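Look at the chain as a whole before turning to its parts. The paragraphs below go through the sheets, the helices packed on them and the helix pairs.

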Amino acid sequence: MVISTEGLSFTFGKQQVVKSLALQVPEGSIYGFLGPNGAGKTTTIKLLLNLLKPDAGDIHIFGQDIKTRRIQILKQIGSLIEQPAIYQHLTGKENLLNRALLLQVPDTRVDDMLALVQLSNAANKKAGQYSLGMKQRLGIALALLPDPKLLILDEPTNGLDPNGIIEIRELLKKLVAEHGKTVFISSHLLGEIERMATHVGIINGGAMLFQGSIADLQAISKPLVRIEAANTVDAANLLTRNNYDVTEVNDENLFVPYISKQQMGDINALLNKNNQVVYSIVKQQKDLEKLFLDITQKA
């Protein structure tokens with residue numbers, strides 16, 4: 001495990017923000033750290049980076065105790081917490097050269113990092129003129145400059161448009177697949193994490209609700225088929241008579257558990273054959289709120 005914690009706890013004032021957290025982050029993984037705003041994600045990351053001292057518990061990174069091997073561990077970690085710390089009046093390249101000087105990293109790494117995050121064409125543009133997505137990519141380039149083994153990112157897609165989100169996702173997948181990194185990424189967006197992560201941890205109220213592979217998560221987060229129909233009650237009765245499990249019906253939609261694309265086609269054909277007007281039929285993942293309910297009800 002690249003990251004391993006046991007009994008990790010932190011109290012801010014009278015509120016316990018992190019509650020006996022046990023993280024297990026495998027080497028070479030993209031670990032999605034999920035939870036709603038205020039769940040304790042950023043606090044946990046600050047504990048991992050030794051920016052906060054835990055009230056109790058142990059943190060081991062690369063198999064070493066952060067209490068005794070702090071400098072050696074932190075040298076091998078790149079991080080981006082919330083917004084990247086960049087100089088707006090400097091160009092993207094100047095920002096990287098400045099950081100390279102500070103970290104005593106060879107200047108040759110700068111052009112490599114610009115190419116990796118696809119900012120070579122904007123290298124000489126002022127960072128203050130970058131889009132939000134470009135600034136996030138520059139922040140990741142800054143984090144990668146010393147060639148760390150572990151990259152820790154706190155909500156890196158926050159506020160990005162769809163193109164920016166896709167850019168960050170593809171970059172992180174490339175870092176793991178082609179550059180041998182391990183990525184720990186926090187988010188409140190379940191759908192986005194499902195598209196890139198290999199492993200997931202879900203916290204709420206500072207406590208771990210679920211931890212496992214993305215396959216384990218998808219076994220819990222079983223998708224649904226959402227059918228928008230002219231008469232949802234009649235459509236639901238027809239599906240029930242034909243042995244489909246209708247889980248929910250409202251004025252506009254009805255839902256059945258998703259099995260396959262073929263099943264969706266069969267449902268659509270059945271409804272049309274029986275003169276039921278179907279406006280749309282789509283596969284729909286459960287949102288994070290419903291997933292929390294599923295997990296807590298099983299606990």
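**The six-stranded sheet**

Six strands make an open sheet in the order E7-E8-E9-E4-E10-E11, and the pairing in this sheet is mixed. Strands pair if DSSP finds at least two bridges between them. Helices (H or I, at least four residues) and strands (E, at least two) are DSSP runs, numbered from the N terminus. The edges are strand E7 (77-81) and E11, each of which pairs on one side only. From one strand to the next, the twist averages 10 degrees.

This is a predicted model, in which local features need pLDDT of at least 70 and side-chain atom pairs count only at pLDDT 80 or more, while totals for chains, interfaces and linings use all residues. Residues are numbered from 1 along each chain as its sequence is written, and side-chain values use heavy atoms, with hydrogens and water left out.

Strands of a sheet pair through backbone hydrogen bonds, either parallel or antiparallel. Both senses occur around E10. Strand E4 (residues 30-34) pairs with E10 in the parallel sense over four bridges, and Gly 32 has Val 200 in E10 as its bridge partner. Strand E10 (residues 199-204) and strand E11 (residues 207-213) run antiparallel and are joined by six bridges. Here Gly 201 has Gln 211 in E11 as its bridge partner. E10 and E11 form a hairpin with two residues between them, and Gly 205 in the turn has a positive phi of about 60 degrees.

H5 lies across E7 and strand E8 (150-154) and runs at about 155 degrees to E7. Axes are lines fitted to C-alpha atoms, for helices over the stretch in contact, and angles run from 0 to 180 degrees between N-to-C directions. Helix H5 (residues 132-144) also packs with helix H6 (residues 162-179), at an angle of about 20 degrees and with the axes 10 Å apart. H5 is therefore roughly parallel to H6; angles under 35 degrees count as roughly parallel, over 145 as roughly antiparallel, 65 to 115 as roughly perpendicular and the rest as oblique. In contact (heavy atoms within 4.5 Å), Gln 136, Arg 137, Ile 140 and Leu 144 of H5 meet Glu 167, Ile 168, Leu 171 and Leu 175 of H6.

The axes of helix H3 (residues 92-103) and helix H4 (residues 108-116) come within 9 Å and cross at roughly 135 degrees. H3 and H4 are therefore oblique to each other. Lys 93, Leu 96, Leu 97 and Ala 100 in H3 meet Val 110, Asp 111 and Leu 114 in H4.

The protein is divided into domain 1 (3-219) and domain 2 (222-286), with bounds from an automatic or database domain assignment. Their C-alpha centres lie 40 Å apart.

A second open sheet has four strands in the order E13-E14-E12-E15, with antiparallel pairing. Its edge strands are strand E13 (248-249) and strand E15 (278-284), each pairing on one side only. Strand E12 (residues 224-229) and strand E14 (residues 253-257) pair in the antiparallel sense over five bridges, and the bridge partner of Glu 228 in E14 is Asn 253. Helix H9 (residues 232-241) lies across E12, E13 and E14, running at about 20 degrees to E14. Helix H10 (residues 261-273) packs on the sheet too, touching E12, E14 and E15, and its direction makes about 160 degrees with that of E15.
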